[in-house]
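Colleague: Please show me the model. I would like to ask how some of its labels are reached.

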Amino acid sequence: MLPFPARRNNPTGLLLDPILHSSRALESMASLSSSAAVANGDAGTLSPTAEAPTLIPGLPDDLAAVILASLPYSHQARLRATSRLWNAFLAPRSLLPLRRFLRLPPRHLLCLFPADPSLSPPCLFDPAASAWSPLPPLPCSPHLYGLSNFVPVALGPHLYVLGGSHFDARSYPIGHPTASAAAYRLDLAAPAPLLAWHRLPDMLSPRGSFACAPVPCGDGGIIVAGGGSRHSMFPSEGSRMSSVERFDVDSGEWRMREGLPRYRAGCVGFLVRRREVEEDEFWVMGGYGDYRTVSGVVPADVYYRDAVVLGLRSGKWREVGDMWEEGERRKLGSVVVMDVEDGQAPGIFMLDRNDIFRSANRAARSWMGEDSVDL
């Protein structure tokens, strides 16, 4: 689950782990292969010689199940209309648990947000099949427009869009951006006709360009930290904040947590899973808080080189020192965090223009060139 900070002329993206979870996969598989009896019109009885329906005629059901379970996500909704049997088999709440039962390799989906998601619908991309699948746009407001610096995050079968900065036609002065506290959720396990964004309770503090990470362990939730009101059209303006809050999925409520040690916006957050004897950690890296003036007139951000870490069990922050060595570029590019096994350091990648960098050690305190993107 990998959020990319939203930037002007740069799409926002999110990498989704295998999306759905359900314990009814085996029950669904059993119902698909159950035998059927056909009524005999003359005798008014049931014929015991009727054959059970098959997923693909001429193939055993176990082989047909592997074939259908390997279909790209973008094709599944369209193929469900083939028959009632396929409609039941390709139902999202039973298909992906069945993939795990069949031990098929996990399939990751990349969700891209080209611009304001209320005007430009996001899309799901399946890298393994090179296939695209459009998603519905966010609900559109007649007063709000130009949303940017929002943060997408995936948790379980849901995709969330949180906060951001936008313009409000009702505000004064006109054309001055304000931070958004809105939160939306999309259930990717819902049938295609019911696939729509739903408004959640607003965050306690409006914010954009903030650190964010899903917390799948325990009760499950989302934690956000820092941020401000900066809009991509005004890259040298906007507020900063240090507040931290967490969303509880079960109760649907936002709760305040201990704030950051100082104001920090434009930062990146990720979760580091530890072993059972250690507590999981929420890392907040980079960003800006202070500012200086150029020639005494033009404000310029002062970018932080350090990171702070929140222990999710203790609820306390600690500083881990500089993440960039002296002379390295301090401004964050789009950062992606690849989850790994418990107790291991995640893979941290940063896109700086056309160059891809990777953290060189466990503390991510230096960066090394990984590859380049030819555009």
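Modeller: At 8% relative accessibility, Asn149 counts as buried.

Colleague: Why is Asn149 called buried?

Modeller: Buried means under 20% relative accessible area, exposed over 50%, and partly exposed in between, with a 1.4 Å probe and protein chains only. Asn149 has 8%, so Asn149 counts as buried. Asn149 lies in the loop between β8 (144-148) and β9 (151-155). Strands here are DSSP runs of E with at least two residues, numbered from the N terminus.

Colleague: Is Ser130 buried or exposed, and why?

Modeller: Ser130 has 55% relative accessibility, so Ser130 counts as exposed. Ser130 is in the loop between β6 (123-126) and β7 (131-134).

Colleague: What kind of model is this, and which residues count?

Modeller: This is a predicted model; local features need pLDDT of at least 70, side-chain atom pairs count only at pLDDT 80 or more, and totals for chains, interfaces and linings use all residues. Residues are numbered from 1 along each chain as its sequence is written, and side-chain values use heavy atoms, with hydrogens and water left out.

Colleague: What is the phi of Asn149?

Modeller: Phi of Asn149 is near 60 degrees, a positive value in a residue other than glycine. Most residues other than glycine have a negative phi.

Colleague: What makes β8 and β11 a pair?

Modeller: Two strands pair if DSSP finds at least two bridges between them. 3 bridges join β8 to β11 (residues 165-168), and these strands run antiparallel. In β11, Phe167 is the bridge partner of Tyr145.

Conventions:
Helices (H or I, at least four residues) and strands (E, at least two) are DSSP runs, numbered from the N terminus.
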